[in-house]
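Please open the structure in your viewer and keep the sequence beside it. The tour moves from one selection to the next and says what can be found at each stop.

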Amino acid sequence: MLQGWVIASVSFAYLGVLFAIAYFGDKRADAGRSLIDNPTIYALSLAVYCTTWTFYGSVGRAASTGIGFLPIYLGPTLMAGLWWFVMLKIIRISKANRITSIADFVSSRYGKSQLLGGLVTVIAVIGIVPYISLQLKAVSNSFTILLHYPEIVMPAKAAAQPLLQDSALYIAMILAAFTILFGTRHLDATERHEGMVAAIAFESVVKLLAFLAVGIFVTYGIFSGFGDIFSRVEAVPKLKSLMTVADTGASYGSWWSLTFLSMLPRQFQIAVVENVNERHLARAIWMFPLYLLIINIFVLPIAVGGLMHFPDGSVDADTFVLTLPMAERQEALALFVFIGGLSAATGMVIVETIALSTMVCNDLAMPVLLRWKWLRLHEKQDLSGLLLSIRRWAIALILLLGYIYFRAAGEAYALVGIGLISFAAVAQFAPAIIGGIYWKGGTRQGAISGLLAGFAVWTYTLLLPSFAKSGWLSINFIEEGLFGVALLKPQQLFGLAGLDEISHSLFWSMLANIGCYIVISLRVRPTVVETGQGTMFVDVFKRTAGAEGTRFWRGSAQVQELLPLIGRFLGPDRARAAFLAYARRRGLASIDALEANPDLVHFAENLLAGAIGGASARVIVASVVKEEPLGIDEVMNILDEASQVRAYSRQLEQKSQELEEATSGLRAANERLKELDRMKDDFMSTVTHELRTPLTSIRAFSEILLEDPKTDLIERKKFLAIIVREAERLTRLINQVLDLAKIESGNAEWHTSEIDLHEVIEESVAATSSLFSDKHIGLNMVLSGNVPKVKADRDRLIQVMLNLLSNAVKFCEAERGQVTVTLSAGDGVVRVDVQDNGTGIGEADQQTIFEKFRQVGDTMTAKPQGTGLGLPISRQIIEHFGGSLRVMSELGKGANFYFTLPLNGNGAEHREGRTEQ
Amino acid sequence: MNRSILTGQRLVAIFLLGCVMFNYPLIALFNKPAKLLDIPLLYFYIFAVWVLLIGLMAWFIERRED
């Protein structure tokens with residue numbers, strides 16, 4: 001025998017445990033070590049979806065429609081596949097805009113419209129209150145049934161009980177107190193309740209375990225496994241039909257519409273507002289469907305088992321979960337089941353009433369209070385207490401409404417019927433939400449008319465008929481249509497028959513809702529704020545995370561004005577703390593250092609939005625801020641810029657890196673160019689100087705000859721010889737300049753062939769032999785006999801040799817001079833040395849002699865010994881064939897000029913290839 | 001981000017697969033009073049597909065590298 005006090009004290013003990021968990025969760029959250037910062041807990045908290053409607057109702061539905069209980073769980077499973085994009089987007093938007101409820105979401109999207117927020121709130125309250133009363137009914141019924149243990153007595157009509165003996169009333173009061181304790185301990189700017197979520201996750205575990213316990217008991221305790229149950233079903237034709245779907249279009253249609261209905265976004269509070277980290281969503285995508293799967297495994301065995309166990313139909317199938325263990329005298333199990341059902345009910349009621357109270361406070365009460373001047377709200381210093389008490393009263397009121405509905409209509413429908421009506425009401429938000437996050441063109445008026453139309457059709461086709469069936473309205477209204485017009489029959493609207501009432505209502509309400517939303521949106525021009533908010537919602541992923549820079553009005557206010565304003569709603573201390581944190585983030589030491597600018601206003605508005613909703617926050621902040629609205633073009637520009645920023649910033653990073661590389665390359669090139677420019681100037685001045693020297697002497701001697709006809713013949717011959725020699729020098733100089741220019745620009749002609757260096761050296765020596773004999777300088781040749789041929793231009797190599805030999809002669813003392821030419825091969829190169837014992841070259845000059853017009857000694861004063869182009873040209877030639885020309889020397893000890901040429905001749909070919917291009 | 005979009009697309013593919021497998025006409029193929037492993041065929045089919053979908057989602061999500 002289970003006494004009432006046993007059940008009550010176990011229930012209270014359980015609620016105490018819940019409260020302890022919630023309290024602990026809040027403490028941990030305050031300490032910064034969040035208990036619910038865990039994807040598994042997030043997934044479990046989402047299982048608040050499984051209310052008593054699942055816990056008790058699934059079995060009832062399975063007992064009457066067989067497979068019909070499943071679409072409600074298959075829908076969310078399918079939808080989970082889209083969460084990755086859809087839910088993530090909603091979460092991201094909500095976090096960016098501090099959205100705290102579904103009404104706030106819709107109103108923010110459509111231009112922070114107070115009207116829309118209020119409308120959503122009203123629909124949500126009307127749609128969800130029956131669902132709450134369903135939970136009350138389930139708990140109250142299960143309590144009553146359990147109280148009669150071990151007899152199985154169906155609860156009498158609730159209304160028949162006197163008010164004060166009605167357990168549902170006490171349950172509603174306890175739940176209200178519990179929710180107020182959980183949900184409105186303080187006013188939070190983010191409207192998150194970590195402790196509550198922890199308790200909800202715990203409840204999800206409890207109800208799952210309780211349901212599995214019954215399932216296992218029925219399947220393996222009463223029967224002997226799945227096979228046994230299903231083979232017994234064979235014998236009963238009525239049960240056998242539950243194993244298949246009636247093979248008609250309508251039953252598949254209703255299957256589909258239920259799947260679709262249950263796909264629509266729900267649990268906004270848990271899934272979005274209470275989400276700690278959007279990464280948690282990933283695991284919930286598969287874990288939440290898994291939870292649904294597990295809790296449904298035993299539904300059919302329990303349903304069939306119940307139908308076989310109570311064949312006379314005296315026991316309501318909705319109670320099989322509880323009555324089967326009772327019939328088998330499993331006292332503890334029955335109590336556990338009751339606690340599981342209590343878990344399912346409390347979880348749903350707490351979450352929904354908190355969500356609804358937030359909406360009622362922010363989107364219904366606040367706008368009204370702000371308008372009623374006689375409340376003198378503007379004079380009150382601290383409104384945070386007022387806000388909290390509005391919420392507390394809202395919670396109590398919602399539960400009271402739930403109870404009233406339960407008393408009035410609770411017996412009109414089975415549990416599942418109420419659940420689906422509620423689902424269909426909440427489904428009306430889907431077009432405005434889904435359209436709002438993917439379609440920038442959706443407008444406020446479109447959303448309002450869509451919601452109104454959908455809600456009106458829902459009321460007419462589902463809610464009013466449910467009233468009629470409860471006897472509050474004339475049943476004629478259903479059977480004959482409004483004013484007796486058959487086309488207006490609420491459950492066969494316009495003659496549409498053959499669908500079940502939910503599918504029928506869903507079809508017409510969605511048609512009206514989506515149709516109005518789209519048509520009106522396309523007909524009405526959106527305002528600036530609507531367009532701006534729309535773009536911000538749709539393009540949320542294109543914006544940088546936490547970018548608070550986008551707003552559609554500019555205005556500024558002093559911190560001295562804003563802080564008290566926010567403080568009135570959040571409480572002065574919390575407001576101060578939030579402003580201080582904001583100042584610190586900006587690197588400022590105190591609140592007073594904050595500048596009056598649009599950023600500050602935006603921050604304040606966002607802060608306030610968390611507490612009282614976006615639309616009200618807009619109105620309040622606007623009251624102290626002098627604003628100039630922006631034009632539509634300006635807003636679009638801001639948005640375009642903002643949305644492109646993210647894409648650009650990545651590209652920019654890349655580009656700037658490339659640019660940096662290019663810049664350093666360019667800088668080097670620029671240095672080189674400057675150097676070249678200077679060299680060109682040097683070169684030009686040197687060339688002019690070099691050209692002027694012979695020209696001057698030619699001109700001087702020519703003038704002497706011209707002006708003085710009496711010059712004697714010998715003199716004349718002497719002068720003419722100088723003129724000729726200088727003219728030759730000039731010619732040579734010009735030829736060499738041209739030659740060098742050609743080689744450097746790559747326009748020189750090269751005649752490459754296999755050449756024997758012996759021949760080249762001998763020919764050069766023969767050509768310069770007169771120079772040697774004139775100065776009586778000795779010449780030795782050490783030519784290695786076994787030197788392979790190289791690929792090069794024969795004439796050019798002779799030019800190099802001539803230059804080196806004549807240089808050697810030039811710098812050797814007459815009579816004592818000694819020049820040695822050596823030819824050797826080795827290490828892939830051939831090497832030619834021209835060694836003299838002349839004056840030698842100092843270390844400083846060893847590099848410069850290869851530059852143009854540089855000669856050892858001062859060309860300005862000393863008489864130049866050559867053009868200064870021989871060595872540069874020679875080096876160019878040797879390098880052209882892939883070799884190198886160098887010098888080894890010490891001052892006073894002679895010089896050794898040597899060049900090497902590669903044996904394979906690759907260098908030559910390579911470089912020629914390039915010259916030809 | 002690219003990998004994350006890839007995962008998202010895989011999940012959408014699972015959604016589409018589920019939409020097809022849980023609806024008419026595929027479901028009608030299994031709507032027979034037969035049994036498989038002692039379980040009515042239709043239930044067996046739905047739970048098998050259900051397990052498959054959840055398994056695929058878990059596979060793609062837990063093995064992603066982002």
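Two strands are taken to pair if DSSP finds at least two bridges between them. With that in hand, and remembering throughout that this is a predicted model, select strand E3 (residues 752-755) and strand E5 (residues 790-793) of chain A, which run antiparallel and are joined by four bridges. Within this pair, A:Ile755 stands opposite A:Val790 in E5(A). Now show the side chains of E5(A): A:Val790 and A:Ala792 point one way, A:Lys791 and A:Asp793 point the other way, and all of them are buried. In a regular strand the side chains alternate between the two faces of the sheet.

**The whole chain**

Of its 917 residues, 45% count as buried. Among the contacts in chain A with a separation of 6 or more, 81% are between residues 24 or more positions apart.

**The five-stranded sheet**

Which strands make up the open sheet, and in what order? Select E4, E6, E7, E9 and E8 of chain A, which lie in the order E4-E6-E7-E9-E8 and show mixed pairing. At the edges are E4 and strand E8 (884-889), each of which pairs on one side only. From one strand to the next, the twist averages 15°.

Go next to strand E6 (residues 818-826) and strand E7 (residues 829-836) of chain A, which pair in the antiparallel sense over eight bridges. Here A:Thr820 stands opposite A:Gln835 in E7(A).

Select A:Lys112, in the loop between helix H7 (102-109) and helix H8 (114-147) of chain A, and then A:His776, in the loop between helix H32 (757-775) and strand E4 (778-783) of chain A. A:Lys112 has a positive phi of about 50° although it is not a glycine, and A:His776, likewise not a glycine, has a positive phi of about 55°. Which of the two is buried, and which is exposed? A:Lys112 counts as buried because 25 other C-beta atoms lie within 10 Å, where the cut-off for a buried residue is 20 or more. A:His776 counts as exposed because it has 12 other C-beta atoms within 10 Å, and a residue with 12 or fewer is exposed.

**The nonpolar cores**

Turn now to the largest nonpolar core, which has 217 residues, and select A:Val106, A:Ala303, A:Ala424 and A:Leu608, the members that touch the most others. Helix H18 (residues 331-371) of chain A provides the largest share of this core, 21 residues. The core also draws at least three residues from each of domain 1 (4-375 + 383-422) and domain 2 (548-630) of chain A. Centre the view on A:Leu608 and, leaving aside residues up to four places away in sequence, you will find that it touches A:Ile566, A:Phe569, A:Ala617, A:Ile620 and A:Val621. A second, separate core has 33 residues, including A:Cys812, A:Val830, A:Val834 and A:Ile873.

**Where chain A touches chain B**

For the last stop, display both chains and select their contact, which takes 30 residues from chain A and 29 residues from chain B. On the side of chain A, helix H5 (71-83), helix H11 (226-235), helix H13 (249-263) and helix H15 (280-296) each supply at least two residues, and H15(A) gives the most, with seven residues. Coloured by class, this side of chain A has 21 nonpolar, six polar and three charged residues.

Key
Residues are numbered from 1 along each chain as its sequence is written. Chains are lettered from A and ligands numbered from 1 in the order in which they are written. This is a predicted model: local features need pLDDT of at least 70, side-chain atom pairs count only at pLDDT 80 or more; totals for chains, interfaces and linings use all residues. A nonpolar core is a set of buried Ala, Val, Leu, Ile, Met, Phe, Trp, Tyr and Cys residues joined through C-beta atoms within 7 Å. Domain bounds come from an automatic or database domain assignment. Two residues are in contact if their C-beta atoms, placed from the backbone, lie within 7 Å. Ala, Val, Leu, Ile, Met, Phe, Trp, Tyr, Cys and Pro count as nonpolar, Asp, Glu, Lys and Arg as charged, and the others, Gly among them, as polar. Axes are lines fitted to C-alpha atoms, for helices over the stretch in contact, and angles run from 0 to 180 degrees between N-to-C directions.
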